[in-house]
Amino acid sequence: MWDDITKYLPDFDSAVLTGVDSEGYPFGVRCWPHPDAAAEDVLRVQLPADTLVQPGPASLLCHKHDENLWNLKSFLVRGALSRDERGWSFEPLRFIPGAGIGGLPAMARFFIGSRRNARRYLKKRGLARPRIPWGDINAVKEQVISSERVNSFR
Amino acid sequence: MITPSRKVAELPSEVEEVFREFRTCEMSTLARDGTPITWPTLPFWRPDEGRFMITTSISLTQKVFNVRRTPRVSLLFSDPTASGLKDPPAVLVQADAEAEDEILTSVDGFEDEMRMVYRRQPASRVYSSNALLRYFMDWYYMRLVIHVTPRRILWWPSRDFSQAPFVMEPDHVG
């Protein structure tokens, strides 16, 4: 897990650290995590002095996309947030790959697994696989493509 | 503790711009053991309802199950890529969420959101483009809806998290 974190973390400018506030709501901020030089397999994070995040369960998300909301890349690390005299640290407990991690094999697993998950969801509830109104969907798509063509000629 | 002088009564226009223009937000739900689980999500701000609509496929139901068990969620808007906004704030919406049971496949009532996705993410147009992809991708169009009603909205001008945030606690936003 630590190898995955150190392999993929440098691909991102920053990360989203999410903990829980005193009322039990998730509370997330951007931060710049880096390996703790004095401890093994721990990330140091800088949080504002008056942050509402409480020590305890937390997660670290790295994600990015391009100008066309594509070339998605992401991963999540579940862990625990704690505070000591040197500031805040995040102890990773589980690495969860997201989009764009693991190459083509991972992508194939995702799409095949998603089809299987849908089948299971429906079967558990005794539901038939719904019919998708492809004609309506493609009509909306064509409206967008047509408006882009018109705009490109203006 | 939020600095009292930073509490405001009205949501400024630059915050609503973020809701409309950011391509993604980071949505956090709470797992059974209390760990916040955060993934990038497409947010649809519905100002007339004062809440966000989030949808997810029946193949990716983790956030739905988390919301049904614990409705406390957050949406963080911290990545302005492709938004076209100059120096926008970062915005954190702490909210209460409700997940519907009904599986939606119809475009009725979602045409605006679908147009927005096709405009902003041109590559997603391929999913419905031929019979093979329609077979493999039908699960993507079987959607569950999550309604997210803001309880507290915090924002950091220039996305500078080292400063104390501005805060609004709405009865109704929008």
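This is a predicted model: local features need pLDDT of at least 70, side-chain atom pairs count only at pLDDT 80 or more; totals for chains, interfaces and linings use all residues.
Residues are numbered from 1 along each chain as its sequence is written, and chains are lettered from A and ligands numbered from 1 in the order in which they are written.

**Chain B overall**

- Chain B has four helices and eight strands, where helices (H or I, at least four residues) and strands (E, at least two) are DSSP runs numbered from the N terminus.
- Read from the N terminus, the order of elements in chain B is α-β-β-β-β-α-β-β-α-α-β-β.
- The C-alpha trace of chain B spans about 60 × 35 × 30 Å along its principal axes.
- Of the 174 residues in chain B, 39% count as buried; a residue is buried if 20 or more other C-beta atoms, placed from the backbone, lie within 10 Å of its own, exposed if 12 or fewer, and partly exposed in between.

**The contact between the chains**

- In chain B, 53 residues are in contact with 44 residues of chain A, contact meaning that the C-beta atoms of two residues, placed from the backbone, lie within 7 Å.
- The elements of chain B that give two or more residues to this side are strands S1 (25-30), S2 (36-41), S5 (72-77) and S6 (90-99), together with helices H3 (111-120) and H4 (131-137).
- Among these, H3(B) gives the most, with six residues.

- S5(B) runs antiparallel to S1(B), to which three bridges join it, and pairs in the antiparallel sense with S6(B) over six bridges; strands pair if DSSP finds at least two bridges between them.
- Leu76(B) in S5(B) stands opposite Glu26(B), and the bridge partner of Leu76(B) in S6(B) is Leu92(B).
- The largest nonpolar core has 62 residues, and those with the most contacts inside it are Leu17(A), Leu75(B), Phe77(B), Val91(B), Val148(B) and Trp155(B); such a core is a set of buried Ala, Val, Leu, Ile, Met, Phe, Trp, Tyr and Cys residues joined through C-beta atoms within 7 Å.
- Leaving aside neighbours within four places in sequence, Trp155(B) is in contact with Val15(B), Pro89(B), Ala90(B), Val91(B), Pro165(B) and Phe166(B).

**Two features of chain A**

- Helix H3 (residues 134-153) of chain A has 20 residues and reaches 29 Å from its first C-alpha to its last, close to the 28 Å expected at 1.5 Å a residue, the expected span being 1.5 Å times one less than the number of residues.
- Of the 20 residues of H3(A), two are buried, so this helix lies largely in the open.
- Arg94(A), found in strand S7 (residues 87-97) of chain A, is exposed, with 11 other C-beta atoms within 10 Å.
- Not counting residues up to four places away in sequence, Arg94(A) touches Met1(A), Val77(A) and Arg78(A).
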